Amino acid sequence: MSVSLRVLDDGAWVSVNDAREVSVSELWRLDAPAFCACDLPDFVVENVLAVGVDGRTIDAKVYGQCIACGETGVPGWIPVGRLSDGEFTDIDRERSVLAVRETAHD
Amino acid sequence: MPTDVERWKSEVYGTEIREHLFRFAEEGWESIPEDERDAWFERFKWWGLYHQRNGQESYFMLRIGTPNGRLEPGQLRVVGEVAKEYATGPGTNPLFGDAYADFTTRQSIQLHWIKLEDVPDIFEKLEANGLSAQQACGDSWRNIVGNPMAGDDATEVVDAWPVIRELNETFKGNDDHSNLPRKWKVSVTGTPDGSGQGDINDLALEPAYKEIGGERTVGFNVRVGGGLARNEPRFARDIDVWVAPEDAPAVAGGLSALFRDHGDRENRYNARIKFLVDEWGPEKLRRVLQEEYVDFELETAGEDVRDQYTYNAGGEGRNDLLGVHDQKDGSNFVGLNVLVGRMGADDVIELADLAEEYGSGAARLTQRQNVIVPDVPDEKLDAFLAADLLEHYSPDPSPFMRGSVACTGTEFCSLSIVETKNRQVRFARWLKQNVELPDGVDEFHVHLSGCTASCAQPQIADVSLRGMKTRKDGEPVEALDVGLGGGLGEEPQFARWVTQRVPVDEVPGAIANLLANFDDQREGDETFREFVRRHDDDELAELVEPEETSYDDPMMHNTKRTWYPYAEDDSLDGSPAPSLADGTPITSDD
């Protein structure tokens, strides 16, 4: 089953099968040791740059900043949801620790 | 590899979108195949329709492009009537009510809560009255901006309106220029005040003199590659070209074609021509334009009038177009303050009545989100200024009111991180009541933008505010980055971002403390921009002292996680969208 993944409206959100699933302005707790010195960066999403799928995991590459230390940039690929039978399954991104992967789709 | 957007554009784009749009309108929202929605919503932008944000599915923002902000007699009334009849939805704004029109920083008009099914009727009414939403959004020639009083302003050195009108007629619906790599923003100005804000446009034509055939001739210098978005602000670069008014369409069309052919279609983040100018430099851009896109010898740049620029420059002279000003014909134009650019539909209609009674019925929109009533004769001026409506839309408002600019924000916009328009109204009202500007300071511009797209042009304000998040007492709250000292003029400068992530309820206190520090440490009669220029970022950060005050912010929470921030039940699960044409919620089958 094919799944359409897109970034639209100037990086405002991730579209999965023509539905808006992940939006800028969310606040994520990241496991991203290479991004900044914070134990778990408190990261606000300002722009979505790319989206990809690895097995059942949908990852996004986003620009944003850690609101604890101010570091800005692109932390890597971040899991934002899962695929189940071609459908998007949300994860509670604002209450989970999201482990950043450096090279999932590069 | 071409992006999805480029692929969709290669299949259907430009004028032909209209027939599909009308078909979907006829058959209803649900007739758009679910797996084609992204593609159609992207295409609809070309006809001025932008799908509202998450939680507001099936509702659209409609942008009406008014070239140079020019509304001919009767058109303002049409805008008010369309807003009143169609721009209502399930959410009521606590400050602005159920139906309103937004005047934008690009002299356009935005209406919200538009139903797809109403679009044919709306277009019929707009077009019957000379108005259009064509190319108001999308990857093509956008609404052309400039001094909205072109042709009438007593100070102008060249009449830009015939040029703007010809550019608009030539490049709207022009198949050769309808599918560009990205938006194409053009400014044409004929006054020496800089009120076209050319420096922040993809293409700027600014007044300049050139010796042609032994005669000093007035025309335009050409600058290319300005823009503010995405943390990559640029001022337009001088490409050493002067153009006579009659040749402006050939040069502007040549540059648009150059952008069409050489802009980046593989990466939308790198697509604007500002990045091509970065890569090529002005000299190569000029050379390619000369060799491949125009068939006459380009003149080198003429003598500009930038040393006279005052608009949004922070010094003497007119920084905006508010108040009473002379027209060439001996009558007056009166600029009225529309706080954050939003006007209730009934007020729009009432202003149209006043414009007919005291002027010609025409109106103009400015890049500072204000409205102008032109053609008011001297003998009617006092009576017009005494009209009740002008108590609210004042020609001489508090500096905090006249200096306020705000984008759409999380109320409707997908990109924004924070609430903006209502917040800037609250900020301005609090500042007016609680803060004095130093002696002799009459202008103080505060621009609030919800994100880095910079629709409120935050980088060119005395105080620049940009949406962010932070934690306060452990809880996530809306916040603002604070920048200082931006503005246009002969030597434009972008604001320097000196303080990050100030909780929104501490921002008015920060501005109050900043102004007190400015008053204490000001040297002589220096302007705020001069004051900022002689301090480094660390020193400036010390002068911004965020502080809780009597200001209360009711929207501290994450307004983006609501379907509408002002709804009683604002949760996304409580959203009535999508809905049928009559507003009845469409329930899911599963």
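In strand β17 of chain B, Ser404(B) finds its bridge partner in Val446(B). That pairing opens a tour of a predicted model, in which local features need pLDDT of at least 70 and side-chain atom pairs count only at pLDDT 80 or more, while totals for chains, interfaces and linings use all residues; side-chain values use heavy atoms, with hydrogens and water left out. Residues are numbered from 1 along each chain as its sequence is written, and chains are lettered from A and ligands numbered from 1 in the order in which they are written. Helices (H or I, at least four residues) and strands (E, at least two) are DSSP runs, numbered from the N terminus.

**The open sheet of chain B**

- Three bridges hold β16(B) to β17(B) (residues 446-449), and the two run parallel; strands count as paired if DSSP finds at least two bridges between them.
- These two belong to a five-stranded open sheet in chain B with mixed pairing, ordered β16-β17-β18-β19-β20.
- The edges go to β16 (404-406) and β20 (496-503) of chain B, each with a single partner strand, so one side of each has no neighbour in the sheet.
- From one strand to the next, the twist averages 25 degrees; axes here are lines fitted to C-alpha atoms, for helices over the stretch in contact, and angles run from 0 to 180 degrees between N-to-C directions.
- β17(B) is covered on both faces, with Val446(B) and Leu448(B) buried on one side and His447(B) and Ser449(B) buried on the other. Buried means under 20% relative accessible area, exposed over 50%, and partly exposed in between, using a 1.4 Å probe and protein chains only.

**Helices across that sheet**

- Helix α14 (residues 421-434) of chain B lies across β16, β17, β18 (463-472) and β19 (475-484) of chain B, at about 165 degrees to β16(B).
- Helix α15 (residues 507-521) of chain B lies across β17, β18, β19 and β20 of chain B, at about 130 degrees to β18(B).

**Aromatics and charges over rings**

- Over all chains, the structure has 31 aromatic pairs. Rings of Phe, Tyr and Trp (its six-membered ring) pair if their centres lie within 6.5 Å; planes under 30 degrees apart are stacked, over 60 edge-to-face, and the rest tilted.
- One example is Trp29(B) with Phe41(B): the ring centres are 5.6 Å apart and the planes at 10 degrees, so the pair is stacked.
- Trp29(B) sits in the loop between α2 (17-27) and α3 (37-44) of chain B and Phe41(B) in helix α3 of chain B, so the pair ties together parts 12 residues apart in sequence.
- Trp29(B) counts as buried at 4% relative accessibility, and Phe41(B) also counts as buried, at 10%.
- Both are part of one aromatic cluster with Phe24(B), Trp40(B), Phe44(B) and Phe60(B).
- Arg216(B) lies over the face of Tyr209(B), 3.9 Å from the ring centre, and Arg342(B) over that of Phe96(B), at 5.3 Å. A charge sits over a ring if NZ of Lys or CZ of Arg is within 6 Å of the ring centre and within 35 degrees of the ring normal.

**Domains of chain B, and a residue in domain 2**

- Chain B splits into domain 1 (4-128), domain 2 (161-308), domain 3 (323-395) and domain 4 (401-557), with bounds that come from an automatic or database domain assignment.
- The C-alpha centres of domains 1 and 2 of chain B are 29 Å apart.
- Between these two, 13 residues of domain 1 are in contact with 14 residues of domain 2, where contact means heavy atoms within 4.5 Å.
- Leu205(B) is placed in strand β7 (residues 203-212) of chain B and is buried, with a relative accessible area of 2%.
- Leaving out residues up to four places away in sequence, Leu205(B) touches neighbours including Val188(B), Phe220(B), Val222(B) and Val243(B).
- Val186(B) is 19 residues from Leu205(B) in sequence and 8.0 Å away in space, C-alpha to C-alpha.

**Strand β6 of chain A**

- β6(A) (residues 57-66) is mostly covered, with eight of its 10 residues buried.
- In the β6(A)-β7(A) hairpin, with five residues between the strands, Gly70(A) takes a positive phi near 90 degrees.
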